[in-house]
Amino acid sequence: MRVIKKYPNRRLYDTETSTYITLAEVRELVMKSAALVVRDAKSNEDLTRSILLQIILEEETGGAPMFTEAVLANIIRFYGNAMQGFMGSYLEKNVQSFMDLQVKMAEKSKGLSPEMWAQFMNAQSPMMQGMMGNYVEQSKTVFTQMQEQMQKQSEQMLAALGLKR
């Protein structure tokens with residue numbers, strides 16, 4: 001695990017290379033799938049989430065944003081909601097499924113000419129339909145599992161309160 005220390009002056013120090021790095025360089029480490037943790041230099045508090053959110057904010061404000069205002073508003077609405085924990089898990093599993101799909105697409109597209117790549121990416125192609133179908137199925141499965149888990153937790157809570165269905 002690569003340790004990045006954050007100092008009060010907002011500078012980031014990479015303990016592996018013994019150099020100060022920028023937020024853009026932390027982003028590059030994330031892009032390379034480097035396992036890292038960002039810690040406060042004084043308190044040793046884990047600041048990784050904060051730094052990752054800061055990177056997302058910079059990405060969203062410069063260039064083509066990934067999240068629409070409607071998506072952001074809906075995400076905000078889940079905070080404090082009973083579904084908050086489930087939504088985080090659902091998004092995490094969905095993004096992982098999408099990443100797996102992307103890896104499969106990259107493997108299948110190696111050595112394709114631009115014309116073949118265009119055919120491959122055509123939503124009508126059987127291969128693309130199969131991969132997207134798998135992704136949609138995985139997404140539905142995750143959502144169904146989430147609903148079942150919520151049902152079980154609701155039943156347990158009602159039973160604990162003496163209010164069985």
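# Briefing: fold, pocket and selected contacts

From the N terminus on, the elements of the chain run β-β-β-α-β-α-α-α-α-α. That makes six helices and four strands. The model is a predicted one. The chain has 165 residues, and 19% of them count as buried.

**Largest pocket**

- The largest pocket has a volume of about 1,900 Å³.
- Its lining is made up of 35 residues, and the closest to the pocket centre are L52, L53, I56, F67 and V95.
- Four helices each supply at least two lining residues: α1 (23-31), α2 (48-61), α3 (69-78) and α4 (84-108).
- Helix α2 gives the largest share of the lining, with nine residues.
- By class, 24 of the lining residues are nonpolar, six are polar and five are charged.

**Aromatic rings**

- The model holds three aromatic pairs.
- One of them joins Y13 and Y20: the ring centres are 5.2 Å apart and the planes stand at 70°, so the pair is edge-to-face. The cut-off for that label is an angle over 60 degrees.
- A pair of aromatic rings is described by the distance of the centres and the angle of the planes.
- Y7, Y13 and Y20 form one aromatic cluster.
- Y13 has a relative accessibility of 23%, so Y13 counts as partly exposed.
- Y20 also counts as partly exposed, because its relative accessibility is 41%.
- The charged end of R11 sits over the Y20 ring, 3.9 Å from the ring centre.

- Most residues other than glycine have a negative phi.
- R10 sits in the loop between β1 (2-6) and β2 (12-14).
- Is R10 buried or exposed? R10 counts as exposed, because its relative accessibility is 68%. The cut-off for exposed is over 50%.
- The place of N44 is the loop between β4 (36-40) and α2.
- N44 has a relative accessible area of 47%, so N44 is partly exposed.

- R2 belongs to strand β1.
- R2 is buried, because its relative accessible area is 16%. Buried means under 20%.
- Which side chain does the side chain of R2 contact? The partner is D14, and the polar contact spans 2.7 Å.
- A34 and R2 are 32 residues apart in sequence, and their C-alpha atoms are 7.5 Å apart in space.
- A34 lies in the loop between α1 and β4.
- A34 has a relative accessibility of 28%, so A34 counts as partly exposed.

**R77 in helix α3**

- R77 is found in helix α3, one of the helices that supply the pocket lining.
- R77 counts as exposed, because its relative accessibility is 55%.
- The side chains of R77 and N74 are joined by a polar contact of 2.8 Å.

**Points to locate in the structure**

- For the aromatic cluster, look at Y7, Y13 and Y20, then at R11 over the ring of Y20.
- For the two polar contacts, find R2 with D14 and R77 with N74.

Key. Residues are numbered from 1 along each chain as its sequence is written. This is a predicted model: local features need pLDDT of at least 70, side-chain atom pairs count only at pLDDT 80 or more; totals for chains, interfaces and linings use all residues. Side-chain values use heavy atoms; hydrogens and water are left out. Rings of Phe, Tyr and Trp (its six-membered ring) pair if their centres lie within 6.5 Å; planes under 30 degrees apart count as stacked, over 60 as edge-to-face and the rest as tilted. Buried means under 20% relative accessible area, exposed over 50%, partly exposed in between (1.4 Å probe, protein chains only). A charge sits over a ring if NZ of Lys or CZ of Arg is within 6 Å of the ring centre and within 35 degrees of the ring normal. On a 1 Å grid over the protein atoms alone, a cavity is a set of points where a 1.4 Å probe fits but cannot get out, and a pocket is an open set with protein on both sides within 12 Å along at least five of seven lines; lining residues have an atom within 4 Å of a point. Grid points are joined across faces, edges and corners, and a volume is the space filled by probe spheres set on the points. Ala, Val, Leu, Ile, Met, Phe, Trp, Tyr, Cys and Pro count as nonpolar, Asp, Glu, Lys and Arg as charged, and the others, Gly among them, as polar. A polar contact is a pair of N or O atoms within 3.5 Å; within protein, one must be able to donate a hydrogen and the other to accept it, and residues adjacent in sequence count only if both atoms are side-chain atoms.
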